[in-house]
Amino acid sequence: MRLMVLLYSILSYFMFFVVLIYLIGFVGDIFVPKAISTVPEVYSPNALLINISLLLFWGIQHSVMARGWFKNLIVRLVPHHIERSTYVLASALALAILMLYWQPMEGVVWQLNNGWPHQLMWGLFCLGWCLTVVSSFLTDHFDLFGLRQGWLHFVKKTYTPVAFSQHIFYRWIRHPMMLGMLIAFWATPVMHLDHLVFSLGMTIYILVGIHFEEKGLAHDLGEPYRAYQKKTKKVIPAVY
């Protein structure tokens, strides 16, 4: 049974890793068979409605399953040692569904064909994803994605929460992973209308998600986190 839990944690992590790699190609319109602005044979007349529904589906899944009341509700079905891995797996599936059924939309908001602005956008795109991935390792990457919980259960050790720390980027902002994703979603040399809808939807979700995450962290960590909130910006250094 403990081996099955560990394998489940590894499978969930692997699934999310594959979906994340595809997301990078999806958002950047590179290397994947279906990207965010892949030109279809016929544009759907309901593309905007479908895309908004997909964003809401992703946002509700990702937010509701992260809330404490939901975890308490399903604790008998999903015990603690697989709760995080289940959340990671469900998020991977929700994100895969979003990308699979995403509907391209006709129209270009901006287009940078060549020169330094074009290269700058690609540089920011890469920077955003690098910031996201590196920041996940500055907290506890394996706890964040459920592997640590599965491993501790496998070796019969009691789970202990990851200690609060402020390494590198976290000394300047409280959510560098979210900043990285925001940069990656908006930094594109060609902003199609469907990409704009995606970026707006994800930006709204991230800002709302940060609000609820901060409330949870302040509740769980207490005064140390509230003091941290007072001395560091939320997303953008020296600004917000």
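A helix here is a DSSP run of H or I with at least four residues, numbered from the N terminus. By that numbering, the largest share of the lining of the second largest pocket, eight residues, comes from helix H9. The model is predicted.

**Nonpolar cores**

- The largest nonpolar core has 44 residues, and Leu98, Trp102 and Phe198 touch the most other members.
- At least two residues of this core come from each of helix H1 (2-28), helix H2 (47-64), helix H4 (80-101), helix H5 (115-138), helix H8 (176-186), helix H9 (193-221) and helix H10 (223-231).
- There is also a second, separate core of seven residues, with Val5, Met65, Val78 and Tyr87 among them.
- Setting aside neighbours within four places in sequence, the contacts of Leu98 are Leu54, Leu55, Trp58, Phe198 and Met202.
- As general background, nonpolar side chains in soluble globular proteins tend to be buried together.

**Aromatic residues**

- The structure contains 13 aromatic pairs.
- One of these is the edge-to-face pair of Phe125 and Trp129, at 6.4 Å centre to centre and with 80° between the planes.
- Both residues of this pair, Phe125 and Trp129, are in helix H5, where they are four residues apart, about one turn of the helix.
- An α-helix has 3.6 residues a turn, so residues three or four places apart point the same way.
- Phe125 and Trp129 are both buried.
- A single aromatic cluster is formed by Phe26, Trp102, Trp122, Phe125, Trp129, Phe185 and Phe198.

- H2 and H9 each supply at least two residues of the lining.
- By class, the lining is made up of 12 nonpolar, three polar and one charged residues.

**Helix H7 and what covers it**

- Helix H7 spans residues 147-154, and its buried residues are Leu147, Gln149, Gly150 and Leu152.
- Among the elements that cover these buried residues are H1, H4 and helix H6 (141-144).

- Most residues other than glycine have a negative phi, and most peptide bonds are trans.
- Phe31 is not a glycine, yet its phi is positive, about 70°.
- Phe31 sits in the loop between H1 and H2.
- Phe31 counts as exposed because its relative accessibility is 84%, and the cut-off for exposed is over 50%.
- Lys156 is likewise not a glycine and has a positive phi of about 60°.
- The loop between H7 and H8 holds Lys156.
- With a relative accessible area of 66%, Lys156 is exposed.

**A residue of helix H1**

- Ile21 lies in helix H1.
- Ile21 has 45% relative accessibility and therefore counts as partly exposed.
- From C-alpha to C-alpha, Ile21 and Leu77 are 30 Å apart in space, and in sequence they are 56 residues apart.

Technical notes:
Residues are numbered from 1 along each chain as its sequence is written. Side-chain values use heavy atoms; hydrogens and water are left out. A nonpolar core is a set of buried Ala, Val, Leu, Ile, Met, Phe, Trp, Tyr and Cys residues joined through side-chain atoms within 4.5 Å. Buried means under 20% relative accessible area, exposed over 50%, partly exposed in between (1.4 Å probe, protein chains only). Contact means heavy atoms within 4.5 Å. Ala, Val, Leu, Ile, Met, Phe, Trp, Tyr, Cys and Pro count as nonpolar, Asp, Glu, Lys and Arg as charged, and the others, Gly among them, as polar. Rings of Phe, Tyr and Trp (its six-membered ring) pair if their centres lie within 6.5 Å; planes under 30 degrees apart count as stacked, over 60 as edge-to-face and the rest as tilted.
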